[in-house]
Amino acid sequence: MTLASFRDERPEHPQGGEPALIVDGLSVSRGGHLVLEEVGFTLEAGTITAVVGRSGVGKTTLIHCLNGLIAPDAGSITVPGLGCLDKPEALRLHRRSSATVYQDHALIGRMTALENVLLGLADLRHPLSPMPWSRDHRRQAAQALEEVGLLHRVSAKVRNLSGGERQRVGLARALVRKPRLLLGDEPFASADPALVHHFSNELRRAVDRTGLTVMLALHQLDVALSLADRVIALVDGRIAFDGPPEAFGASAQARTFQGIFSLPGGLADD
Amino acid sequence: MTESVLTLDQALALQSRRSRLSLLPVLAVLLVILWAFDYSGAFDTARYRDALHTLFTLAADALPPDFFRWSHWGKPLLETLAMSIAATVLAALVALPLGVLSAKGLSPALLRRCVQLVLNVIRSIPDLVWGVMFVAAVGFGPLPGILAMACHSVGMLGKFYAEIIEHIDPAPAQALRGQGVPPLGVVRFAVWPQILPQLADVTLYRWEHNLRAATVMGVIGAGGLGLELVTAFHLFEYREAMALIIVMLVLVSLVHAGSALLRKALI
């Protein structure tokens with residue numbers, strides 16, 4: 001079983017090269033501070049886009065806008081075939097076909113790995129249903145765990161797992177949804193380099209075979225450059241660079257990350 | 001996006017000023033504690049002169065414990081146990097919705113403050129006072145005891161439940177909202193599994209508390225083992241009172257062991 005097989009049964013998915021999501025003039029302010037300003041781009045189906053930038057630059061806010069957790073103050077997000085996400089039904093259908101992996105894993109420590117992955121299917125159940133999870137759902141969750149190489153920890157409580165293992169459970173919870181759009185807020189933050197390499201390869205295979213669209217906020221620039229088809233760099237809430245990773249050269253990187261080590265006594269002075 | 005630039009000396013000076021400031025509340029609390037002991041006469045050594053002797057005399061009068069009337073204690077014992085269970089369950093059922101309504105972020109601020117005020121008022125009336133009122137309202141027996149303990153427990157549990165709900169990790173709930181799960185589903189799948197062990201923990205603790213409180217309820221005519229205990233004291237039957245205390249101790253220990261097993265299973 002490969003990560004790609006999760007997507008095989010979704011024929012309605014847009015073909016590679018077609019727009020999967022259109023963001024136009026997106027602005028978000030929080031606490032009187034403008035976090036995102038006039039952000040616009042179009043995600044092509046079957047591509048991996050990396051959002052890079054300094055901490056606090058608005059990467060997480062952007063991801064949260066795309067999964068509907070934050071309503072923008074201005075601008076629009078449109079999914080071809082569904083319409084603008086400010087309409088509740090469009091947002092519901094968009095959420096149904098997307099999934100997000102979170103930096104802090106967003107798992108429940110006292111529950112097992114399988115129970116946490118099942119939460120990825122919570123929108124398929126009635127909130128007051130007294131029935132246990134169906135055999136089919138449990139099987140899907142186990143398959144997702146197998147995909148991230150964690151089937152042997154199926155009954156382990158998440159609080160007893162390592163940081164990397166938790167990250168994999170978070171990834172499995174997203175994969176079990178068989179998403180058309182996979183969003184990630186620093187999804188590799190707790191994974192070691194070998195695991196990052198493995199997931200990068202699996203993601204690429206899934207994208208190439210099924211047309212899955214991926215957008216990841218990443219702080220590991222090397223991962224972003226080696227994995228993504230496209231890099232969007234944010235500086236002060238605005239897009240400072242948008243293009244292929246080959247074009248994201250030293251000067252663009254310096255403009256994106258300038259100031260990190262410019263404090264007195266910082267590394268830049270060495 | 002500009003960081004305020006501090007020199008090392010400025011940063012250390014700022015930190016040490018904050019440390020000095022944090023000493024003031026500690027000193028203030030110490031002074032209040034000393035005043036409380038002094039004001040309540042705890043430093044009056046003359047008061048302790050005959051205390052030990054009197055306590056030893058009372059203890060000697062109560063030994064050995066007299067279990068002669070043990071066959072009469074079964075019903076009051078069960079009454080006490082039943083009162084504690086019924087009062088705790090009743091309180092938990094009422095306290096849970098009130099706790100949700102008084103938790104930050106889950107209900108409008110005005111409603112939250114109103115519910116908090118109600119919980120404060122309920123809590124500040126001792127269960128014995130509630131007991132006196134309910135004995136007058138529904139007569140003698142275990143029922144006024146149940147209602148009295150339930151009322152006071154609602155005030156306590158409601159506050160604890162609200163604090164538990166406020167301190168859950170919001171990330172799993174946010175993740176479920178992000179995938180389109182409706183609010184009720186978020187409560188069921190992300191909030192409930194997180195709060196369940198702590199809810200069970202404080203409720204079981206409250207059950208143990210109510211078991212002890214049910215004994216005291218006997219004093220005001222609310223039945224149970226407490227009535228036997230008070231009667232024994234009034235008749236100067238200290239040996240029988242000691243036996244009753246031992247029986248209570250065994251019951252409390254059994255309930256404690258049982259609730260410890262339940263806690264272990266849930267956490």
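## Model and confidence

Residues are numbered from 1 along each chain as its sequence is written, while chains are lettered from A and ligands numbered from 1 in the order in which they are written. The model is predicted, with local features requiring pLDDT of at least 70 and side-chain atom pairs counted only at pLDDT 80 or more, whereas totals for chains, interfaces and linings use all residues.

The average pLDDT (the predictor's confidence in each residue, from 0 to 100) is 85 for chain A, with 89% of the residues scoring at least 70. In chain A, pLDDT stays under 50 over residues 1–11, for which the model has 23 contacts beyond four places in sequence, a contact being a pair of residues whose C-beta atoms, placed from the backbone, lie within 7 Å. Residues 261–270 of chain A also stay under 50, and there the model has seven contacts beyond four places in sequence.

Helices (H or I, at least four residues) and strands (E, at least two) are DSSP runs, numbered from the N terminus. Five of the five residues of strand β3 (residues 48–52) of chain A are buried, so β3(A) is largely enclosed by the rest of the structure; buried means that 20 or more other C-beta atoms lie within 10 Å of the residue's own, with C-beta atoms placed from the backbone. A:Ile48, A:Ala50 and A:Val52 point one way from β3(A), and A:Thr49 and A:Val51 the other way. Strands pair if DSSP finds at least two bridges between them: β3(A) runs parallel to β8(A) (residues 213–217) with four bridges, A:Ile48 standing opposite A:Val214, and pairs in the parallel sense with β9(A) (residues 230–235) over four bridges, A:Thr49 standing opposite A:Arg230.

Seven of the eight residues of helix α1 (residues 59–66) of chain A are buried, so α1(A) is largely enclosed by the rest of the structure. Just after α1(A), A:Gly68 takes a positive phi of about 80°.

## Contact between the chains

The contact takes 23 residues from chain A and 21 residues from chain B. On the side of chain B that touches chain A, the elements giving two or more residues are α7 (170–178) and α8 (183–217) of chain B.

Technical notes: Contact = placed C-beta atoms within 7 Å. Buried ≥ 20, exposed ≤ 12 C-beta atoms within 10 Å, placed from the backbone.
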